[in-house]
Amino acid sequence: MYNFDEIIDRQNSKGSYSSKWAKEGFALACFGEDEIPNDRIALHVADMDFRCAPAIKKAIEEVTKHGIYGYSMPNKDYYDAINNWYLNRYGLDISDYKIYHSHGTHKAIEEAVSRVSNVGDNIMVLLPSYSYHRDIDGIGRKLLGVKMLNNNGNYSIDFIEFEEACKVSKAFVLCNPHNPSGKIFSDEDLIKMAYICRFYHVVIISDEVHGDIVRSDKCFKPLVKVVGPRGIITCNGINKTFNLAGLASTYFIIKEEKLNKLYDGYFSSASPFEIAATIAAYNESASWVDELNQYLDIEIKEVVEFIHTNMDKAIVKEPEGTYILWIDFSKYGFSDDELHNIIYKEARVIAQSGSHFDDNDQFQRFCIASPKKVVMEAFGRIAACLNNRK
Ligand SMILES: Cc1ncc(COP(=O)(O)O)c(C=O)c1O
């Protein structure tokens with residue numbers, strides 16, 4: 001019913017303002033030269049090149065028609081929509097949680113870190129990690145990375161290291177589904193992590209923004225559903241699921257009274273566009289998410305198969321959640337600069353290098369929520385350039 005194969009111009013079309021397809025800013029920083037070629041394929045940013053669900057577009061158009069875009073606030077419909085999504089999607093009743101609006105997940109995490117810790121405190125993350133630096137170091141705390149064990153692309157938690165880090169930390173930012181590995185943590189892992197964190201009074205800030213993008217044979221559960229709400233702040237939003245990152249609209253939920261008290265006086269004004277989009281997304285756009293997941297299931301399978309067949313030294317796994325491929329090129333034996341040249345300059349594909357996530361540029365992260373033809377072209381080019389060098 002929805003056409004995820006349509007190639008939509010985000011580079012030159014009026015009203016796009018896409019940062020991913022711009023020739024400056026973050027794209028240029030990732031690409032690393034003065035000028036980005038016109039025919040590059042941008043896969044470095046975690047947004048999608050798919051048009052959002054029709055009901056969301058319509059709801060935003062309604063707001064546009066109104067003509068007054070003054071101060072606005074989330075209403076009952078907004079909160080009901082979030083409640084219903086949790087109930088229908090995850091079988092979790094959050095009617096007795098407090099829901100707080102936020103302008104993006106980074107903002108929500110920064111707010112949480114600032115409330116549960118003091119300047120100089122350690123805040124844990126699992127490495128490799130999506131970059132939470134500005135939410136942690138940016139406000140005077142110290143990011144404490146706990147390296148996950150990597151067995152040929154299969155990541156697992158080193159619980160001995162995890163516990164050691166808990167002893168000296170105030171909070172743990174958990175990313176589940178995990179960016180960049182695409183792993184969905186098992187119930188057993190979640191229970192262990194929560195048990196250790198609770199023992200050492202470490203608050204868990206659970207970033208679950210990728211929780212709706214899941215392979216059909218996998219299952220994502222909110223952390224609070226598995227371990228209960230004590231000591232947990234859950235961040236979620238419409239940004240990733242519905243490709244609405246430009247609206248910067250997210251929220252976080254808390255049940256525990258003690259944590260809620262830390263938010264006394266918290267205020268975040270929402271734009272009318274965000275409010276309308278959230279209601280239309282959660283109330284009317286579930287079928288769009290279902291079809292998106294079906295499309296990504298097929299696309300991911302084909303791309304990973306292509307990589308296994310044509311880039312025999314690259315290590316990659318199908319992600320259980322997210323639309324992210326985390327590829328280890330180290331077996332090729334290229335230097336970091338050579339690898340960068342091959343992928344970025346020769347193949348003209350923009351990815352994000354591993355040092356954004358840990359310390360190893362032999363890993364590259366590709367966000368592949370684009371029409372299959374575009375993504376296959378990108379990996380076709382990379383394979384050809386790699387194989388030319390062998
Ligand atoms: C795991 C994760 N958390 C947070 C963010 C940023 O979210 P936001 O744009 O809502 O601040 C991203 C964006 O890629 C992400 O992947």
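These legends go with close-up views of a predicted model.

Local features need pLDDT of at least 70 and side-chain atom pairs count only at pLDDT 80 or more, while totals for chains, interfaces and linings use all residues. Residues are numbered from 1 along each chain as its sequence is written, and side-chain values use heavy atoms, with hydrogens and water left out.

**View 1**
The shell around the ligand holds 14 residues. Here, a residue is near a molecule if one of its heavy atoms lies within 4 Å of it. Thr105, Asp207, His210, Asn239 and Lys240 come nearest to the ligand. By class, the shell has 5 nonpolar, 7 polar and 2 charged residues. Nonpolar means Ala, Val, Leu, Ile, Met, Phe, Trp, Tyr, Cys and Pro; charged means Asp, Glu, Lys and Arg; the others, Gly among them, are polar. Helix H4 (105–116) and helix H9 (238–241) each supply at least two residues of this shell. Helices (H or I, at least four residues) and strands (E, at least two) are DSSP runs, numbered from the N terminus.

Asparagine 239 places a polar side-chain atom 2.7 Å from an oxygen atom of the ligand. For asparagine 179, a polar side-chain atom lies 2.8 Å from a ligand oxygen. Histidine 106 uses its backbone: a polar atom there is 3.1 Å from an oxygen atom of the ligand. On its own, the ligand has 390 Å² of accessible area, and the protein covers 88% of that. Accessible areas come from the Shrake-Rupley method with a 1.4 Å probe; for residues, only the protein chains shown count as cover.

**View 1. The largest pocket.**
The ligand sits in this pocket, meaning that more than half of its atoms lie within 2 Å of the pocket's grid points. On a 1 Å grid over the protein atoms alone, a pocket is an open set of points with protein on both sides within 12 Å along at least five of seven lines, while a cavity is a set where a 1.4 Å probe fits but cannot get out; lining residues have an atom within 4 Å of a point. The largest pocket has a volume of about 1600 Å³. A volume is the space filled by probe spheres set on the points, which are joined across faces, edges and corners. Of its 49 lining residues, Arg10, Asp47, Leu244, Ala245 and Gly246 are the closest to its centre. Helix H2 (54–66), H4, H5 and H9 each give two or more residues to the lining. That lining has 20 nonpolar, 17 polar and 12 charged residues.

**View 2. The largest cavity.**
How many cavities of 30 Å³ or more does a search of the whole structure find? It finds 1. About 40 Å³ of space lies in the largest cavity. Its lining includes Val125, Tyr132, Phe172 and His178. E7 (169–175) gives the most to this lining, with 4 residues.

**View 3. Two cis peptide bonds.**
Leucine 127 and proline 128 are joined by a cis bond, with omega about 0°. Proline 128 is in the loop between E3 and helix H5 (133–136). Proline 177 is in the loop between E7 and helix H7 (187–199).

Key. A polar contact is a pair of N or O atoms within 3.5 Å; within protein, one must be able to donate a hydrogen and the other to accept it, and residues adjacent in sequence count only if both atoms are side-chain atoms.
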